[in-house]
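Subject: Structure handover

Hello,

Here is the structure I promised you. Please open it next to this message and follow along.

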Amino acid sequence: MRVIVVGAGVVGTMHAWHAVSRGHEVVQIERESEARGASLRNFGQIWVSGRAGGEELETALRARELWQGIGERVSGLGFRPCGSLTPLRTAYEVAVAEAAVARPDAAARGYKLLTADEARAVNPALRGAFTAALWCERDAAVEPRTAQLALKEHLLASGRYTFLGGREVREVVGTASVRDDHGDVHTGDAVILATGAWLGGLVRELTGPELPVRRVRLQMMQTDPLGEPLTTSVADADSFRYYPAYWSEALDALNAGQPQDPVAAEHRMQLLMVQRRDGGLTIGDTHAYEHPFAFDTVEEPYEHLTRVVEAFLGRPLPRIRHRWAGVYAQCTDTSRVVHRQQVRDGVWLVTGPGGRGMTCSPAIAETTADQLGW
C-alpha cells in the first residue's frame with residue numbers, strides 16, 4: 001500500500017509512522033520546508049490528567065502507551081514519564097482535587113492527593129506557598145520543537161518514506177491522488193489530509209463551509225534555563241476550569257467562591273509549565289476563539305503567568321527568551337476527540353483534536369489505520 005500524507009505536524013507524522021510501521025510506503029507532503037504550526041508551538045505534554053472520561057481518556061491512555069514505545073525507539077523525542085503536579089492553595093481548590101481523586105477512573109490517570117511536603121519531595125523546585133497538590137502519574141512530556149524532525153529521521157531510515165517539503169497540495173485528482181503547486185501528481189491507495197489549522201483553500205473546497213472545526217489562538221513563552229530540575233510538569237488550579245475531568249459540584253463552588261483573576265479570565269488562561277531538555281521552562285497559555293485573531297502578543301498574560309510561576313517556585317523566573325503565538329484546530333463539539341471525514345474517494349481529512357493533538361495523535365492515527373485496514 002502507498003499512503004500520501006498531507007501535513008507534517010504531529011497528527012500527519014503519526015499517520016506516516018503507523019503506515020510505515022505496518023509495512024507500507026509513505027509520501028509526506030508539507031507546504032513549509034518543515035512543520036511550523038501548533039505541533040511545534042505547544043508544551044510537548046502528554047496530558048492524561050484532565051481528559052474527559054470515556055473515549056477521550058481511553059485515547060489519551062493508549063497514546064501515552066504508544067508515545068512511550070516510540071520514545072524507546074527514537075531518542076530525539078525526549079520522551080520522559082515525568083507526571084504532573086497541580087499545587088493547591090485554597091480549600092476550594094483542594095475540594096476539586098478531592099472530587100477528581102474520587103472518580104472511578106482516578107487510578108487509570110494515576111491521581112493522588114499529596115501534602116505540600118510530599119509534593120516537594122516529588123518536585124523540590126516547588127518551594128513556594130501551597131497547601132497540597134494533585135499528582136497525576138500518567139502525564140509525560142516530549143520535546144515539541146524537535147519531535148517531528150526526530151520522527152522524520154527515523155522514518156527516512158526505513159527506506160519506505162519520502163518527505164517533500166515546500167509543496168502545497170492544491171487539488172484532489174481522481175481516486176487517492178493529489179496535485180501539488182509544483183504540478184506534480186502523487187497517487188496512492190489512501191490520502192490523509194492532516195492539515196492542522198489550515199482549514200481554507202483545498203479543505204474548504206472539499207468540505208464546504210460547514211466543517212465542524214474552529215481555530216483557536218494561544219500565547220506562550222519560554223525562559224532561560226532554570227538552573228535546577230523541574231522534575232514534573234506543573235499546572236495551576238485554573239486548569240480545573242478548562243479540563244472536563246475536574247467538572248463537579250466542587251468546581252461549581254470554586255467558580256462561585258473563588259473567581260478567576262481578571263487577566264486570566266479575560267484571556268481564558270491556565271498555567272501549564274514543562275521544563276525543556278536545555279533547562280528552560282515552556283509556560284502558557286491563553287485561548288482566543290473570536291475571529292479575526294489579533295496579530296500581536298500582549299503583555300498582561302505573560303505578567304500574570306510570571307506571578308503565578310514565581311509564587312509556586314518561591315523564586316524569580318529566569319529571563320524570558322521566547323514569546324510566541326500559535327493557532328490550532330478544535331472540533332466545535334469539544335467532546336469529540338478528532339474530526340475524521342472521508343472527503344473524496346480514497347481521501348480522508350483528519351483534523352480538530354484541539355489542545356489534545358500532541359497528547360492523542362499516536363492513538364488518533366492508529367485508529368485511522370485500523371479503520372482503513374492498513
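By class, three nonpolar, three polar and two charged residues line the largest cavity. (Ala, Val, Leu, Ile, Met, Phe, Trp, Tyr, Cys and Pro count as nonpolar; Asp, Glu, Lys and Arg count as charged; the others, Gly among them, count as polar.) The lining residues are Leu40, Asn42, Pro144, Arg145, Gln222, Arg276, Thr282 and Trp324. The space inside this largest cavity is about 40 Å³. Searching the whole structure gives one cavity of 30 Å³ or more.

A cavity here is a set of points, on a 1 Å grid over the protein atoms alone, where a 1.4 Å probe fits but cannot get out; lining residues have an atom within 4 Å of a point. Grid points are joined across faces, edges and corners, and the volume is the space filled by probe spheres set on the points.

Please keep in mind that this is a predicted model: local features need pLDDT of at least 70, side-chain atom pairs count only at pLDDT 80 or more, and totals for chains, interfaces and linings use all residues. Numbering starts from 1 along each chain as its sequence is written, and side-chain values use heavy atoms, with hydrogens and water left out.

Now the sheets. Helices (H or I, at least four residues) and strands (E, at least two) are DSSP runs, numbered from the N terminus. Two strands pair if DSSP finds at least two bridges between them.

Axes are lines fitted to C-alpha atoms, for helices over the stretch in contact; angles run from 0 to 180 degrees between N-to-C directions.

Look at strand 6 (residues 132–136) in this sheet. Five bridges join it to strand 4 (residues 84–88), and the two run antiparallel. Across that pair, Pro87 stands opposite Ala133, and Leu85 stands opposite Trp135. Strand 5 also pairs with strand 6 in the antiparallel sense, over five bridges. There, Tyr111 stands opposite Cys136.

How many residues of strand 6 are buried? Five of its five are. (Buried means under 20% relative accessible area, exposed over 50%, partly exposed in between, with a 1.4 Å probe and protein chains only.) Ala132, Leu134 and Cys136 lie on one side, Ala133 and Trp135 on the other, and both faces are covered.

A second open sheet has three strands in the order 9-10-11, with antiparallel pairing. Strand 9 (169–172) and strand 11 (185–187) are its edges; each pairs on one side only. Its twist averages 30° from one strand to the next. Strand 10 (residues 177–180) is joined to strand 11 by three bridges. Val178 stands opposite His186 there.

Last, a loop residue. Gln270 sits between helix 9 (262–266) and strand 15 (272–275). Gln270 is buried, with a relative accessible area of 3%. Leaving aside neighbours within four places in sequence, its contacts (heavy atoms within 4.5 Å) include Asp236, Tyr242, His287 and Leu305.

Best wishes

Methods. 1 Å grid on protein atoms, 1.4 Å probe; cavity = no way out; pocket = protein on both sides within 12 Å on 5 of 7 lines; lining within 4 Å.
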